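Please look at the sequence and the model first, and then read the notes below.

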Amino acid sequence: MTVVRSRVEVERPDRLEEACGVFGVYAPGEDVARMTCFGLQALQHRGQESAGIAVGDGNSVVVAKDLGLVTQVFDEATLSSLPGFVAVGHVRYSTSGGTASWDAAQPHISAIDDELIALAHNGTLVHTDPLRKQLESHGVTFRSQTDSEVAAKAIGFMTQKTRHLRAGIAYTMEQVAGAYAMVLASKDALYAFRDPHGIRPLCLGELPEGRGWVVSSETCGLDIVGATYVRDVAPGEVLRITQEGIHSEQAVPVQSPSACIFEYVYFARPDSVIDGQSVYQARRALGRILAQEAPVEADLVLGVPDSGVPAALGFAQESGIPFTDGIVKNRYVGRTFIQPTQAMRQLGIRLKLNPLPEVIAGKRLVVIDDSIVRGNTSQKLVQMLRDAGAAEVHLRIVSPQVLWPCFYGIDTDTRDQLIAANKSLEEMNAWIGSDSLAFVSLDGLRAALPDVVHPGFCEACFTGEYPVAIPEEIAQDSFLTQQERAAAHSERLAKETATIIAE
């Protein structure tokens with residue numbers, strides 16, 4: 001039985017947030033629900049608002065999902081009620097579709113006559129309203145406003161017409177645009193497919209002794225169930241896994257490779273390998289490059305846990321400045337439905353991070369972090385370190401300045417809320433309160449990810465060059481800076497005033 005919890009509004013985090021993680025298993029004779037649960041726990045960092053698992057047993061598909069962390073949603077009784085040999089799972093952080101709700105939780109179910117399919121989606125589709133309206137005109141009903149449900153219902157609708165699930169998937173891939181890595185379970189098969197740019201990651205693994213196959217957003221999901229990494233799902237490819245083995249087909253033509261470059265900076269777990277590149281080694285390299293580009297005299301190097309730590313080690317190695325653990329992270333404070341009191345909220349960053357005064361007092365610090373979005377967290381971090389006795393705080397960021405919003409499954413603000421789009425480097429440094437501030441260059445970020453590993457990346461949040469076109473009605477307000485938005489508002493007021501005077 002599913003318990004629907006009331007939704008509590010939470011403050012949006014001052015950092016880039018991944019949309020979700022997906023996991024799938026085809027393994028006859030195995031406890032696929034339990035394996036999927038473990039896989040989702042390994043991917044928990046990609047989404048903490050809801051979790052769900054759908055299982056096929058050859059006759060039907062059953063789904064269990066709810067709001068909360070994986071361990072809050074699934075217990076022994078729930079997992080025991082999900083027998084079968086094919087499963088897909090999902091952890092969600094809401095972007096498209098808004099706030100956390102049970103209806104928006106995945107996997108989404110779609111009916112094909114008397115049979116069900118379950119779809120889990122990582123990413124965001126761009127402008128699905130026309131497809132939604134088209135489906136509604138044919139009598140298709142929706143329970144949420146998510147783009148993922150539109151994809152699930154489109155697959156079900158076209159499969160019903162063509163009688164072939166692969167045709168339904170291919171049709172939907174031709175109709176939608178944006179970023180997607182999807183896994184789908186029917187009663188007896190597992191499907192995995194990826195957008196033609198390969199923006200969101202998805203990999204394939206094999207269980208020992210040929211016991212089955214696993215697909216996951218990251219290789220850390222393979223590791224936890226003992227699967228061996230085989231390869232990444234190719235852009236535009238559809239994998240179908242059944243008792244007959246794996247069948248691959250190119251459903252849509254490959255377009256310019258545009259894997260999200262932020263996976264290596266922050267989103268992915270450091271023990272994952274994406275498109276052949278070790279995330280940990282990439283972050284170490286970023287730290288070394290940043291030390292070359294923005295050197296500073298200091299006593300200690302600190303990494304903001306967790307993503308900043310490998311880069312801090314690289315910075316320390318290159319600069320010769322000692323690395324230290326000067327910030328402790330509370331690993332049990334994540335997304336929660338327990339709303340903090342106002343007094344606790346005022347503590348801000350201390351709910352998750354706490355400095356070690358005995359380590360940093362009187363020291364000149366180089367603090368390595370992954371990104372700056374609005375700047376509020378960086379400001380609080382610097383003040384927290386000064387309160388702990390730091391003599392100087394030099395902030396070094398292992399990504400370029402985030403100047404543009406993302407529309408492909410990452411929760412960034414409109415451009416007028418991005419500090420780097422509205423302030424110069426000097427103004428940002430003064431506002432944050434650091435003694436100095438520097439970002440790694442885009443060339444430096446690229447250098448940490450050799451082209452021989454992957455030929456291309458999506459860098460839109462740094463450059464404003466989007467691999468998938470953004471509809472004007474979506475982009476027009478999102479692209480304005482504070483100054484541009486104020487000017488546009490003044491222009492509208494002037495036109496309205498002129499109209500009133502003329503009348």
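The notes below begin with an overview and then take up selected topics.

The model is predicted, and local features are reported at pLDDT of at least 70, side-chain atom pairs at pLDDT 80 or more, while totals for chains, interfaces and linings use all residues. Residues are numbered from 1 along each chain as its sequence is written, and side-chain values use heavy atoms, leaving out hydrogens and water.

**Overview**

- The protein has 19 helices and 23 strands; these are DSSP runs numbered from the N terminus, with helices (H or I) of at least four residues and strands (E) of at least two.
- Of the 503 residues, 55% are buried, where buried means under 20% relative accessible area, exposed means over 50%, and partly exposed lies in between (1.4 Å probe, protein chains only).
- The accessible surface comes to about 20,900 Å², and carbon and sulfur atoms account for 50% of this area; the areas come from the Shrake-Rupley method with a 1.4 Å probe, and for residues only the protein chains shown count as cover.
- Among contacts (heavy atoms within 4.5 Å) between residues at least 6 apart in sequence, 71% join residues at least 24 apart.

- Strand β4 (residues 86-92) is largely enclosed by the rest of the structure, because seven of its seven residues are buried.
- In a regular strand the side chains alternate between the two faces of the sheet.
- In β4, V86, V88, H90 and R92 point one way, whereas A87, G89 and V91 point the other way.
- Strand β1 (residues 20-26) runs antiparallel to β4 and is joined to it by seven bridges; two strands pair if DSSP finds at least two bridges between them.
- Strand β2 (residues 50-56) is also antiparallel to β4, again with seven bridges.
- V91 of β4 is the bridge partner of G21 and of A51.

**Nonpolar cores**

- A nonpolar core is a set of buried Ala, Val, Leu, Ile, Met, Phe, Trp, Tyr and Cys residues joined through side-chain atoms within 4.5 Å.
- The largest such core has 56 residues, and F262, F315, Y408 and L445 touch the most other members.
- Elements that give two or more residues to this core include α8 (262-267), α10 (308-319) and β20 (364-369), and the largest share, seven residues, comes from α9.
- Leaving aside residues up to four places away in sequence, L445 touches I261, V265, L286, P400, V440 and F462.
- Another core, of 30 residues, lies apart from the largest one and has V150, A151, Y191 and A251 among its members.

**Cysteines**

- The structure holds zero disulfides, a disulfide being a pair of cysteine sulfur atoms within 2.5 Å.
- The sulfur of C260 is 6.2 Å from the closest cysteine sulfur, in C458, and is therefore too far for a bond.
- C260 is buried at a relative accessible area of 8%, and C37 is buried at 6%.

**Backbone features**

- A cis peptide bond with omega of about 10° joins Q106 and P107, and P107 is found in the loop between β4 and β5 (108-112).
- P305 and D306 are also joined by a cis peptide bond, with omega of about -5°; D306 is in the loop between β17 (300-303) and α10.
- D113, a residue other than glycine, has a positive phi near 55° and is partly exposed at 41% relative accessibility.
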